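Visitor: I should like to understand this structure step by step. May we go through it in questions and answers?

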Amino acid sequence: MNVFTTDIDLFWNAWESTRDLPQSAQAEAFEDNYRGRGSRGLRDFWLSQIESGSQLASTISAHPRYYESLRPLTQSFRAQVTLILDQAARLKALLPTVRLPDTYLLVGRMNSGGTVTDAGQLIGTEMFGLSAVTPMDELGDWHRAVLRPPDALPAIVLHETVHSNQRTLNPSSLLGKSIVEGAADFVVTLLVGKHTSPHHVFGRAHEAALWERFRSEMHTEDFSGWMFEGEQARDRPADLGYYVGHQICASYFARQTSPAVALQDILTVQDFGSFLVESQYDGSGPDPDEFSFAVCGS
């Protein structure tokens, strides 16, 4: 795995040169001096997540002190590279056939912590700017809930590495989507430990009730209330389908004798209904603390 951080420097150079100029000039500078000089990963991320210099400049204009607070964290982002490479090596040791794609750390417009394209894994570091001095007053409820500190970067890179290695059909059902996302979360559990994200904390406290509702909806194509809600979530954390999928994968893994074979099965599941049956998940999955992380080199 190669981890590239040069796009972060390009962003700050463009930002510094135009911070006192009109928004239209900022947009042009981001197009020319950030996207135009950026890596292959940034170009892909630009198309799918940033979209235009105007949209990036508009986001920064709406959160100026938040972006300002990111600048001192640049070295913190770079410091995570060693941990990212360490976790990649541990995953490779457990599953030698795993591919470790190139990873690009860059700065986006606060709408994606990570995605995967043909270029590799593209990580929006601005979603990892939470610190003791973060100016929260500029942020809405969703950003307040999903922002993470810089030391959470390795976990999201590992999550995206799993997606890069999954060989599953593109599921249309809630069950399938939840297992696909839950599998990535589960590998993070194996290599890093218990999740502290809001949907995992809430899920552990309400697992049985969540399962009752989930199993009545899991064969539908309606993801509302479970997946990809973003700031539309109300009354409970977004993306609780990730947690249910995680627990299904955890239950399957706990019933296998070979960690490597179990993980390969999780990454290549095709029949999600049969996988659920084989997992024997019933609304009470294993606690992450019960796993032996020693099997993964901890």
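Visitor: Which residue in β4 stands opposite Val116?

Guide: This model is predicted. Strand β3 (114-117) is joined to strand β4 (residues 120-124) by 4 bridges, and the two run antiparallel. They form a hairpin with 2 residues between them. Across this pairing, the residue of β4 that stands opposite Val116 is Gln121.

Visitor: Which residue in β4 is the bridge partner of Thr103?

Guide: Strand β2 (103-106) is joined to β4 by 4 bridges, and these two strands run parallel. In β4, the bridge partner of Thr103 is Gln121.

Visitor: Which strands lie at the edges of the sheet?

Guide: Strands of a sheet pair through backbone hydrogen bonds, either parallel or antiparallel. Here the sheet is open, has 4 strands in the order β1-β2-β4-β3, and shows mixed pairing. An edge strand pairs on one side only, and the edge strands are β1 (3-4) and β3.

Visitor: Is Met110 buried or exposed?

Guide: Met110 lies in the loop between β2 and β3. Its phi is near 65°, a positive value in a residue other than glycine. A residue counts as buried under 20% relative accessible area. Because the relative accessibility of Met110 is 2%, this residue counts as buried.

Visitor: How does Glu51 count by its relative accessibility?

Guide: Glu51 is placed in the loop between α3 and α4, and its phi, near 80°, is likewise a positive value in a residue other than glycine. The relative accessibility of Glu51 is 46%, so Glu51 counts as partly exposed.

Visitor: How far apart are the end C-alpha atoms of helix α1?

Guide: Helix α1 (residues 6-18) has 13 residues, and at 1.5 Å a residue these should span 18 Å.

Visitor: Against which elements do the buried residues of α1 pack?

Guide: The buried residues of α1 are Asp7, Ile8, Leu10, Phe11, Trp12, Ala14, Trp15 and Thr18. Their packing partners include both helices and a strand. These elements are α2 (23-35), α3 (40-50), α4 (53-62), α5 (64-70), α6 (74-79) and β2 (103-106).

Visitor: At what angle do α11 and α13 pack?

Guide: Helix α11 (residues 198-205) passes helix α13 (residues 240-254) in a right-handed crossing. Their axes are 8 Å apart, and the angle between them is about 60°.

Visitor: How many nonpolar, polar and charged residues make this contact?

Guide: From α11 the contact involves His199, His200, Phe202, Gly203 and Arg204, and from α13 it involves Leu240, Tyr242, Tyr243 and His246. Sorted by class, the residues in the contact are 4 nonpolar, 4 polar and 1 charged.

Visitor: What is the distance in space between Lys177 and Met136?

Guide: Lys177 is found in helix α10 (residues 174-191). In sequence, Lys177 and Met136 are 41 residues apart. From C-alpha to C-alpha, their distance in space is 32 Å.

Visitor: Which residues does Lys177 touch, not counting those up to four places away in sequence?

Guide: Lys177 has a relative accessible area of 21% and is therefore partly exposed. Leaving out residues up to four places away in sequence, Lys177 touches Asn170, Pro171, Phe223, Met227 and Phe228.

Key: Residues numbered from 1 in each chain as written. Predicted model: local features only at pLDDT ≥ 70, side-chain atom pairs only at ≥ 80, totals over all residues. Heavy atoms only, no water. Axes fitted to C-alpha atoms, helices over the stretch in contact; angles between N-to-C directions. Left-handed = near helix turned anticlockwise from the far one by under 90°. Contact = heavy atoms within 4.5 Å. Nonpolar A, V, L, I, M, F, W, Y, C, P; charged D, E, K, R; others polar. Expected span 1.5 Å × (residues − 1). Buried < 20%, exposed > 50% of the residue type's maximum accessible area, 1.4 Å probe, protein only. Pairing = 2+ DSSP bridges.
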